[in-house]
Amino acid sequence: MGQLFSDTSKDEDSGDLESSFIAYFKKIKTENKIIPQETIRLIELHLKKGNIQGAHSVINDALKNVNKVPINIAVTGESGAGKSSFINALRGVGHEEEDAAEIGVIETTMKRKPYKHPQIKTLTLWDLPGIGTMNFPPKDYLEKVEFQEYDFFIIVSAIRFTKLELDLAKAIRFMGKNYYFVRTKVDTDLDNEKKSKPRTFDREKILQQIRSYCVNTFRQNNMEAPEIFLISNNHLSDYDFPVLMDTLIKDLPAEKRHNFMLSLPNITEAAIDGKRNSMQQYIWLEAFKSGILATVPVVGILRDDVEKLKKKLNYYQDLFGVDDESLEFMAKDSQVPLERLKEIIKSPYLLDTKKEETFGETFLKYVEKFASANGGLLATGLYFRKTFYMHLLFLDTVTEDAKVLLRETFKKKN
């Protein structure tokens, strides 16, 4: 172990730190970075000048901003379009849960209603009254619902987009905001078509017809057709929901991507990997920030406060839906026995020293595996390496747990 974690910090200078920082962010696509490019350049400039304290301060402020910056999403559409179901789906909340958006209710209110994400407290989804219920021109409607507060608008329809909704889209764009058209309940359309025409039913053809119908509505109103996202609130991994989420992440400002990504439900393995990659960036920045100011290396793995380790592991389990409460909900929803779900995951036992392999032994094996896969260990000091690898072990374990659970419940449902 001494060889693995020999202290090289004395031999490193700000040039090494700068090259490590540049190399790390060079591998990440611009649309996936969780801090703005200008912030990255400022950190690099401080490191190049040897201003370690300045680099530390900028990273610290950037991470604080990532944690605190609010994300507000407006969802509008006529009554019965599936707004409430869409909001519940984005929040990962079942329709019968206490704080779920109420479904199947005829819209009578003229007021917007906020729904906080249960885990990501900076994320709020706003249920806006349909523009048709307010009888206002689009510009007045946007002022009434306080349009300036939202990062973007999602306009939801279950049949066709109305002239008022198209005019609303024009007004949103004119005021400098993004909008996205979502056509819901496509699963119901497909089921109805299959029942009425079982012999000639063609799934892809029907989906294309629905999309073309939406596009023609725009053309008839002399508008360039945007991308139309066909979704089912009941089957999120099917159709265009994953594409919609990728588009929203790409279009969001960098500092808002991280928490939005973490808020997404585990509907596909790609979605789980996206959350993992975003969280790894955050861990790397935290560890780099700690490492560049660490003058005295911290020796040993097991001398860390065990309670702090447990708290951090629990945090990752909650984020990835592998905590006890999520497992119970998953078991009920998928009809997979709770005992079965618990026996196929590994994260609850990471810090269990009663097992054959202790956490310290597991950790060292992980570091060796990481070094083998990445051509060696990181070169920015003992403290940075240890912090990064410990949290990364937790992260990778809960990521794999989330994938295993997804496969198991998908197998049962299908």
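The entries below go from the whole chain to the sheet, then to helix pairs and single residues.

**Overview**

I am working from a predicted model, so I kept to local features with pLDDT of at least 70. Of the 414 residues, 50% are buried. I also checked how far contacts reach along the sequence: taking pairs at least 6 apart, 70% join residues at least 24 apart.

**The sheet**

What is the strand order in the sheet? I read it as β2-β3-β1-β4-β5-β6, an open sheet of six strands with mixed pairing. The edges are β2 (113-116) and β6 (228-230); each has a single partner strand, so one side of each has no neighbour in the sheet. From one strand to the next, I get an average twist of 25 degrees.

I then went through two of the pairings. Strands β1 (residues 71-77) and β3 (residues 123-127) run parallel and are joined by five bridges. One partner pair I noted here is Asn 72 with Thr 124 of β3. On the β2 side, the pairing with β3 is antiparallel, over four bridges. Thr 124 turns up again there, as the bridge partner of Lys 116. β2 and β3 make a hairpin, with six residues between them.

Which helix packs on the sheet? I found α4 (residues 83-91) there, touching β1, β2, β3, β4 (152-157) and β5 (178-183). I also noted its direction, at about 175 degrees to that of β3.

**Helix pairs**

Next I looked at α2 (residues 37-48) and α3 (residues 52-68), whose axes are 7 Å apart at an angle of about 160 degrees. That angle makes the two helices roughly antiparallel. I have their crossing down as left-handed. From α2 the contact takes in Thr 39, Leu 42, Ile 43, His 46 and Leu 47, and from α3 it takes in Ile 52, Gly 54, Ala 55, Val 58, Ile 59 and Ala 62. Sorted by class, I get eight nonpolar, three polar and no charged residues.

Then I turned to α8 (residues 186-196) and α9 (residues 203-220). Their axes are 10 Å apart and the angle is about 125 degrees. Are they oblique or roughly antiparallel? Antiparallel needs an angle over 145 degrees, and this pair is therefore oblique. Here α8 passes α9 in a right-handed crossing. The residues that meet are Val 186, Asp 189, Leu 190 and Glu 193 from α8, with Arg 203, Ile 206, Leu 207 and Ile 210 from α9. By class, this contact has five nonpolar, no polar and three charged residues.

**A covered helix**

How many residues of α11 (254-263) are buried? I got 10 of 10, so I wrote the helix down as mostly covered, since a residue is buried under 20% relative accessible area. The list includes charged residues: Glu 255, Lys 256 and Arg 257 are among the buried ones. His 258, Phe 260 and Met 261 are also in it.

**The loop between β5 and α8**

I stopped at two residues in this loop, starting with Thr 184. Buried or exposed? With 0% relative accessibility, Thr 184 counts as buried. Leaving out residues up to four places away in sequence, I see Thr 184 touching Ala 81, Val 156, Ser 157, Ala 158, Ile 231 and Asn 233.

Lys 185 lies in the loop between β5 and α8 too. Its relative accessible area is 35%, so I call Lys 185 partly exposed. I flagged its phi, which is near 60 degrees, a positive value in a residue other than glycine. Most residues other than glycine have a negative phi.

I placed Glu 146 in the loop between α6 (138-144) and β4, and at 31% relative accessibility it counts as partly exposed.

Last, I looked up Glu 102, in the loop between α4 and β2. At a relative accessible area of 59%, Glu 102 is exposed. Beyond its neighbours within four places in sequence, I find Glu 102 in contact with Ser 84 and Tyr 115. Its C-alpha atom is separated by 8.2 Å from that of Ser 85, a residue 17 places apart along the chain.

Methods. Residues are numbered from 1 along each chain as its sequence is written. This is a predicted model: local features need pLDDT of at least 70, side-chain atom pairs count only at pLDDT 80 or more; totals for chains, interfaces and linings use all residues. Side-chain values use heavy atoms; hydrogens and water are left out. Two strands pair if DSSP finds at least two bridges between them. Axes are lines fitted to C-alpha atoms, for helices over the stretch in contact, and angles run from 0 to 180 degrees between N-to-C directions. Contact means heavy atoms within 4.5 Å. Angles under 35 degrees count as roughly parallel, over 145 as roughly antiparallel, 65 to 115 as roughly perpendicular and the rest as oblique. A crossing is left-handed if the near helix is turned anticlockwise from the far one by less than a right angle, and right-handed if clockwise. Buried means under 20% relative accessible area, exposed over 50%, partly exposed in between (1.4 Å probe, protein chains only).
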